[in-house]
Amino acid sequence: MDVLVIPKGDKGYNLAFTVTDNLGAVKNISGYTIKLKMWKPGVPGTLIINSTCVIDVGASGTCHYVIGATDMVTAGRYQAELELTATGIIESTEPFVIIVQESG
């Protein structure tokens, strides 16, 4: 998952993710809280999205985020990552790109 393209103004549907480790193997995310974080490149302290994902099948590393009404309102190129937290653990996935694209 390197680049996701989402039309500006889209909302209410799921972005599906499969979490993998640094070797590409599926990670068991049972017992974790997963957050999608999205920010403008160069401005990581100002998060546009910092919201919880729903774990679908923990053992299969699958989860999803429901796009909110105000998430994709400004066209542009953004950085994103999934943050996994559990007791005493905070780890993030490799960053990926979300492009919010003008739509006609």
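1. A residue is called buried here when its relative accessible area is under 20%, and because I98 has 0% relative accessibility, I98 counts as buried. The model in which this holds is a predicted one, and the points below should be read with that in mind.

2. I98 belongs to strand β9, which spans residues 96-101. Leaving aside residues up to four places away in sequence, I98 touches L4, I6, M38, G76, R77, Y78 and A80. Among these partners, G76, R77, Y78 and A80 fall within the range of strand β7, residues 76-86. The C-alpha atoms of I98 and D2 are separated by 8.5 Å, although the two residues are 96 residues apart along the chain.

3. As to the overall make-up, the protein has nine strands and zero helices, so that its elements, read from the N terminus on, run β-β-β-β-β-β-β-β-β. Of the contacts with a separation of 6 or more, 60% are accounted for by residues 24 or more positions apart.

4. Strand β5 (residues 54-57) and strand β6 (residues 62-66) run antiparallel and are joined by three bridges. Within this pairing, I55 has C63 in β6 as its bridge partner. The hairpin that the two strands form has four residues between the strands, and G61 in that hairpin takes a positive phi near 70°.

5. A further antiparallel pairing, over four bridges, links strand β7 (residues 76-86) with strand β8 (residues 89-92). Here the bridge partner of L84 in β8 is E91. The hairpin of β7 and β8 has two residues between the strands, and G88 takes a positive phi near 75°.

6. On overall dimensions, the radius of gyration of the protein is 14 Å, which agrees with the value near 13 Å that a compact globule of 104 residues would have. Taken along the principal axes, the C-alpha atoms fill a box of roughly 40 × 25 × 25 Å.

7. Buried residues make up 33% of the 104 residues, and I98, at 0% relative accessibility, is one of the residues that count as buried. The protein exposes about 5800 Å², of which carbon and sulfur atoms supply 52%.

8. Finally, regarding charge, the protein carries 7 positive and 10 negative side chains, and the centres of these two sets lie 8 Å apart.

Definitions and conventions: Residues are numbered from 1 along each chain as its sequence is written. This is a predicted model: local features need pLDDT of at least 70, side-chain atom pairs count only at pLDDT 80 or more; totals for chains, interfaces and linings use all residues. Side-chain values use heavy atoms; hydrogens and water are left out. Two strands pair if DSSP finds at least two bridges between them. The radius of gyration is taken over C-alpha atoms; the globule rule is 2.2 Å times the number of residues to the power 0.38. Buried means under 20% relative accessible area, exposed over 50%, partly exposed in between (1.4 Å probe, protein chains only). Contact means heavy atoms within 4.5 Å. Accessible areas come from the Shrake-Rupley method with a 1.4 Å probe; for residues, only the protein chains shown count as cover. Lys and Arg count as positive and Asp and Glu as negative; His and the chain ends are not counted. The place of a charge is taken as NZ of Lys, CZ of Arg, CG of Asp or CD of Glu.
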